[in-house]
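Trainee: Could you walk me through this one, taking the local details before the larger contacts?
Mentor: Gladly, let's have it on screen.

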Amino acid sequence: MIDLERIRGDFPILDRIVNGHKLVYFDNAATTQKPIQVINAIVDYYKFHNSNVHRGVHTLSQEATELYESAHEEAAKFIGAEGLEEIVFVKNTTEAINLVAYSLGMWSLEPGDEVVITAMDHHSNIVPWHLMSELKGFKLRIVRVKQDGTLDLEDLADKVSSKTRIVAVPHVSNVLGVVNDVKSIAKIAHEVDALILVDGAQSVPHMPIDVRDLDIDFLAFSGHKMLGPTGIGVLYGRRDILGSMRPFLGGGDMISEVHSDVETGKCTITYNAPPWRFEAGTPNIAGAVGLAEAIRYLRNIGMENVLLHERDLVEYTLRRMEELGKTHVYGPRDPGKRLGVVSFNVEGLDSHETAMMLDSYGIMVRSGLHCAQPLHETLSIQTTTRASFYIYNTREEVDRFIEALKEIEMVA
Amino acid sequence: MLEEYIAKIEKLCGAKNDYVILLKYSSKNEAIEKILGNVDKIELKTGVMKKARHRGKEIRIFTTGKLIIKDAADEDEVKSILEELLS
């Protein structure tokens, strides 16, 4: 069990009064709040250790480098990777997926190849592959989602073939909270020698992850959705695969040597080893320090405990929502099949009206398409209102949410 | 006049012709009072939201200082409606 009172005490923002009410923050699938430990780690870095990393011989540079590299180690341990060479720091999940799409797409994919994505995906796992398919002429195959919001694994198995080079899937839907069986999907992909990329934006912050147990080739996730700062994310890549990939962005620190010939205009470049090969230019050092602190914070709580807490909140929320007469909840009713995301609509109101009314009660939720328009189209829903939970949320907050919805239903 | 009361006008995500208007915090109460006085019809009043209609468009007015104007042709029409309501 987690000590909710102690955890909530670590988040200064939870003391805020918003629109005359104590803040209830249920927009965690978009971004999470930050504990004081993470805030202090970033401040501390800037106050005492700020310097550029790598190739500096002075003390501050060595301190900053050590902090930055140890953040890679923390991320590696957190997801069961072999070491820092499998952890590339990027801006966010979106950039991590773009890195793979551009690096592999540009140099390894060609007409006749296929990339398999799903109708459940966030736009960040659709658009990069679409752009690259337009450029390189390979084909996209899109796996169906069933009406209960779960992925159609039979359709996936049908669409994965000897032509498939990459299978890119979400671990957890950012709209429905549905958890996909990526271990089985990895098996299907590997049977045809395809690589698998998992969008872990909504899974890594909420459940234990072991990339070796899942047997996946790439995992993308964001720091800001797991108590860390914005502007830092992670691409896990299997060591041998990253080692064979060409860079996505060029610049300082991602090279070992650069020679240029002023007569011929030719450059001879040797690239650095992963992960630095994929981290061109000065990175987000403070962000990495903050992410490392966020990981330590989560590890202290224990990811099993995080998962249990969220499952309890979802189960409680779904049960209490049954008291509502005009509110429709999407996705499977079995809390064992989903994480802490509950999307819904109130009859007679659009999702934005519901969200703005909840805002009046100090309850922050998100409305719209959640960057997942194909999923909404599949389920024939225009938009949804989404409540999403994290470690600091409580059953009492769910009670306030339900009571507010009861009042909202009366004006719908 | 819009600059005096309006902080931002945005199209709502996933809604083709609906716009959200964020009122400036410092003048939101004055703006809401003017809007309620100028709309063609107030259809519903609750503690947190008022439903109104103006020039045939549905308008939602939230006490937090946000408005929704539904089914507007474009942002120019939204601005033109707001000019009338805030005059």
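Mentor: Let's begin with Pro275(A), which lies in the loop between β12 (267-271) and α10 (285-301) of chain A; helices (H or I, at least four residues) and strands (E, at least two) are DSSP runs, numbered from the N terminus. This is a predicted model, where local features need pLDDT of at least 70 and side-chain atom pairs count only at pLDDT 80 or more, while totals for chains, interfaces and linings use all residues. Residues are numbered from 1 along each chain as its sequence is written, chains are lettered from A and ligands numbered from 1 in the order in which they are written, and side-chain values use heavy atoms, with hydrogens and water left out.

Trainee: Is the peptide bond from Pro274(A) to Pro275(A) cis or trans?
Mentor: Look at omega, which is near 5 degrees for this bond. The peptide bond from Pro274(A) to Pro275(A) is cis.

Trainee: Which residue has a positive phi although it is not a glycine?
Mentor: Look in the loop between β1 (17-18) and β2 (21-22) of chain A. The phi there is about 50 degrees, and the residue is Asn19(A).

Trainee: How do α12(A) and α14(A) lie to each other?
Mentor: The axes of α12 (residues 351-360) and α14 (residues 395-411) of chain A come within 10 Å and cross at roughly 125 degrees; axes are lines fitted to C-alpha atoms, for helices over the stretch in contact, and angles run from 0 to 180 degrees between N-to-C directions. Angles under 35 degrees count as roughly parallel, over 145 as roughly antiparallel, 65 to 115 as roughly perpendicular and the rest as oblique. Therefore α12(A) and α14(A) are oblique to each other.

Trainee: Which residues of α12(A) meet α14(A)?
Mentor: Contact means heavy atoms within 4.5 Å. On the α14(A) side are Phe401(A), Ala404(A), Leu405(A), Ile408(A) and Val411(A), and in α12(A) they meet Thr354(A), Met357(A) and Leu358(A).

Trainee: Which residue forms a salt bridge with Asp155(A)?
Mentor: A salt bridge is a side-chain nitrogen of Lys or Arg within 4 Å of a carboxyl oxygen of Asp or Glu. Both partners lie in helix α6 (residues 153-159) of chain A, 4 residues apart, about one turn of the helix. The closest N and O atoms are 2.9 Å apart, and the partner is Lys159(A).

Trainee: How many salt bridges are there between chain A and chain B?
Mentor: One of them joins Glu353(A) to Lys70(B), with the closest N and O atoms 3.1 Å apart. The structure holds 35 salt bridges over all chains, and the count between chain A and chain B is 4.
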